[in-house]
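Please look over the model below before reading on.

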Amino acid sequence: MAGPVTMAANVGTPTKGARDGVDLRLRRGARPATINPQSSDGTSHPLHIAVIGGGPGGLYAAALLKRLNADREVTLWERNAPDDTFGFGVVLSDETLGGIENADPVVYEALERAFVRWDDIDIVHRNTRHTAGGHRFAALGRKKLLQILHERCRSLGVDLRFRTEAPPAERLAEEYDLVVAADGVHSTTREAYAHVFRPQVVSHRCRYIWLAADFAFDAFRFEIAETEHGVMQLHGYPYAADASTVIVEMREEVWRAAGFEEMAEQESIERCAKIFADALGGRPLRSNKSAWTTFRTVVNERWSHGNVVLLGDAAHTAHFSIGSGTKLAVEDALALAACLEEQPSLDRALAAYEEERRPVVASTQRAARASLEWFENLALYVGRPPRRFAFNLLTRSRRVTHDNLRLRDARFTEAVEREFGCPPGTPPMFTPFRLRGLTLRNRVVVSPMDMYSATDGLPGDFHLVHLGSRALGGAGLVMTEMVCVSPEGRITPGCTGLYTGRQGEAWRRITEFVHTRAPGTAIGVQLGHSGRKGSTRLMWEGMDEPLPDGNWPLVAASPLPYKPGSQTPRELSRAQLTDLREQFTSAAGRAARAGFDLLELHCAHGYLLSGFLSPLTNRRTDAYGGSLEKRLRFPLEVFDAVRRVWPQERPMTVRISATDWAEGGTTAEDAVEIAGAFAAHGADAIDVSTGQVVAEETPEFGRSYQTPFADRIRHEVGIPVISVGAISSWDDVNSLILAGRADLCALARPHLYDPHWTLHAAAEQGYDGPGVVWPAPYRAGSRPPRTGRTDAPKPRLSLGS
């Protein structure tokens with residue numbers, strides 16, 4: 001059976017009609033298709049179908065498949081009794097309801113009659129309640145949902161077999177055309193075919209218990225309790241006129257310290273009711289075979305094997321804090337039924353089902369992971385200003401953003417902005433930020449991007465136009481690409497340098513242009529050395545591939561090639577380490593004379609200094625290898641040397657890879673220690689990136705996917721952070737800044753697409769203040785150009801036939 005469901009991070013602004021993001025192919029009122037029996041070679045549609053598991057996903061799949069063809073024999077096994085369920089309330093989104101309405105109006109209308117609806121989210125923290133409205137929730141009891149689906153299945157002729165263990169999937173696969181495994185997070189089908197599905201199941205750090213109260217909350221409620229044992233949280237929402245789901249959650253170590261491990265079920269329930277007595281109004285809590293458990297995230301490499309297909313929690317899970325368990329299972333059922341109708345064979349239908357659902361599920365799981373980790377790390381945020389804490393909670397999954405929260409509840413969002421310090425009418429991204437003696441007029445950074453367009457390390461007209469155009473584009477800070485400290489420290493022959501006076505003069509030409517033609521924009525230099533990733537081709541000729549000729553020798557922390565076929569570097573000797581420090585300080589001196597406003601030391605992405613930090617690339621046995629403290633030693637020596645020659649009033653930042661995305665590599669915990677060490681040595685901010693350290697990495701890409709690492713460093717170390725990584729919209733920037741997850745946001749690809757990205761962000765938000773200034777020659781372009789007519793006459797009459 002599916003796990004508990006709560007919402008608040010996954011609810012979009014409700015729409016009527018099209019309802020984006022759901023399968024609308026099963027149209028309301030459509031006649032069920034007539035299909036042929038499944039033939040022995042799998043070239044037609046399945047007629048005999050077995051469904052394992054009587055949760056909402058399995059029941060709804062059974063009903064849909066039978067409705068689409070009354071000649072089908074659909075049999076469903078559920079080992080529990082019809083009335084058995086281990087939860088209380090279920091929340092369904094407007095998008096999911098749209099799919100149900102189109103596919104089966106009978107089920108939709110029954111749900112509509114049973115739903116309770118509400119709009120508000122209450123966040124109670126330190127005896128203060130903040131309410132955000134406009135969220136549109138619909139919930140009903142889990143037993144009621146199952147009852148509706150039972151009745152629908154029976155009316156259609158589905159054979160429901162309760163209190164009956166399903167035969168093994170292998171046997172069902174021989175006897176039926178299709179086996180739908182909807183047998184939950186502990187799926188025996190998935191385990192039986194683990195060698196094919198290749199599941200990954202991860203248990204997380206919090207314990208939770210699913211309970212109920214015999215009254216209805218008047219909003220979705222999050223309540224934070226700071227106890228002597230640690231932080232605990234309550235998630236509560238109504239699912240009937242006289243009942244609410246209540247989930248109590250806390251870190252494992254808090255759960256143990258509070259003594260829950262030794263308590264009997266009833267004692268646990270009474271203790272939870274006492275801790276959250278204010279939220280409950282002194283009322284008791286009740287259970288339904290409730291037990292403390294840990295959430296498990298399930299991911300499968302494949303969802304089908306032959307004629308067996310996984311659905312719902314058997315295929316994937318998403319943490320209850322974004323309310324997607326039942327939603328995903330129901331949408332799986334819709335997609336599976338539609339694909340079986342559309343495709344000419346079972347194989348193609350199951351492939352199409354997985355192809356359609358996998359990206360949707362992956363996106364939801366990324367959001368769920370962000371939400372889950374936010375609650376795991378809740379203790380980091382409880383000291384935040386109260387409204388910003390509430391905003392941070394509401395936007396934790398990155399699905400609710402500053403802009404759509406403002407549409408839902410402008411008053412709440414404006415209150416958060418005032419608490420942050422936004423002047424009236426000023427989006428958070430256009431507030432100033434100070435680093436040492438440098439004040440940036442806004443929070444947008446043009447991220448370092450290698451252009452591979454230099455000759456002998458010399459920046460030329462291309463770099464002037466590239467950096468100059470982005471400086472004119474309104475960003476608060478424009479960063480150079482990684483500028484190399486020696487010819488041997490280049491990544492490619494096209495990389496720029498600062499190892500000669502002539503290069504310094506060429507850079508001065510660029511900084512003077514920025515300061516003269518884009519006053520108020522700062523320009524920063526990123527200094528680095530390629531290490532073992534040097535002597536390679538230009539990116540578009542073969543990224544990380546060795547040069548076909550003209551190679552130069554490489555050096556690194558340890559003699560390890562970056563990937564098969566790469567050159568093996570020499571391990572740096574103590575004397576060479578001294579020479580390298582001198583190369584960095586010489587380059588820093590030239591950077592200062594060239595007029596750069598900020599210097600960033602590149603200790604990320606597997607380049608030389610990063611190679612010392614990661615245990616995967618540093619195998620030294622001397623004073624510069626071994627423990628993290630020793631691996632930090634040389635990068636810190638370089639930082640200290642550069643800081644001594646870099647003007648004191650100008651800030652220094654450090655870019656790090658907060659994880660290697662590889663087993664045995666740098667972890668998020670290591671990143672906090674690394675950031676703390678640089679902060680102790682005088683770094684003004686940490687630029688938090690990830691990966692690119694080892695070729696065998698497996699990154700978890702997604703929108704703003706690196707932000708959680710920056711967020712953690714900011715709160716645990718207490719140092720400003722620059723967040724990078726798939727931040728693509730001004731709404732993302734506003735959300736991250738206002739929530740306190742980042743102080744600055746660095747964007748790369750958006751600035752390649754649009755050099756004037758920041759100016760256009762201001763225009764699109766109707767902002768015209770000191771946080772961004774249009775260059776005088778461009779001022780006439782500060783309004784979007786007009787397009788075709790959009791003012792056609794509206795229809796005035798609608799006449800019936």
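In which loop is the place of Gln 692? In this predicted model, Gln 692 is placed in the loop between β26 (685-689) and α24 (707-717). The points below begin with the backbone at that residue and then move to another loop and to the cavities.

**Backbone with positive phi**
- Most residues other than glycine have a negative phi.
- Gln 692, although not a glycine, has a positive phi of about 65°, and with a relative accessibility of 31% this residue counts as partly exposed.
- Asp 544, which is likewise not a glycine, has a positive phi of about 65° and lies in the loop between α18 and β22.
- Asp 544 has a relative accessible area of 19% and is therefore classed as buried, since the cut-off for that class is under 20%.

**Nonpolar surface patch**
- Met 539, Trp 540 and Met 543 make up a nonpolar patch on the surface, and their accessible area together is about 350 Å².
- Met 543 belongs to the loop between α18 (539-542) and β22 (555-556), and its relative accessibility of 47% makes it partly exposed.

**Cavities**
- The count of cavities of 30 Å³ or more comes to 10, and the largest cavity holds about 80 Å³ of space.
- Asp 544 is one of the residues that line the largest cavity, and the others include Arg 532, Lys 533, Pro 546, Leu 554 and Tyr 562.
- Sorted by class, the lining of the largest cavity consists of three nonpolar, six polar and three charged residues.

Definitions and conventions. Residues are numbered from 1 along each chain as its sequence is written. This is a predicted model: local features need pLDDT of at least 70, side-chain atom pairs count only at pLDDT 80 or more; totals for chains, interfaces and linings use all residues. Side-chain values use heavy atoms; hydrogens and water are left out. Patches are made of residues with over 30% relative accessible area and no salt bridge: like charges are joined within 9 Å, nonpolar side chains (Val, Leu, Ile, Met, Phe, Trp, Tyr) within 5 Å. Accessible areas come from the Shrake-Rupley method with a 1.4 Å probe; for residues, only the protein chains shown count as cover. A salt bridge is a side-chain nitrogen of Lys or Arg within 4 Å of a carboxyl oxygen of Asp or Glu. Helices (H or I, at least four residues) and strands (E, at least two) are DSSP runs, numbered from the N terminus. Buried means under 20% relative accessible area, exposed over 50%, partly exposed in between (1.4 Å probe, protein chains only). On a 1 Å grid over the protein atoms alone, a cavity is a set of points where a 1.4 Å probe fits but cannot get out, and a pocket is an open set with protein on both sides within 12 Å along at least five of seven lines; lining residues have an atom within 4 Å of a point. Grid points are joined across faces, edges and corners, and a volume is the space filled by probe spheres set on the points. Ala, Val, Leu, Ile, Met, Phe, Trp, Tyr, Cys and Pro count as nonpolar, Asp, Glu, Lys and Arg as charged, and the others, Gly among them, as polar.
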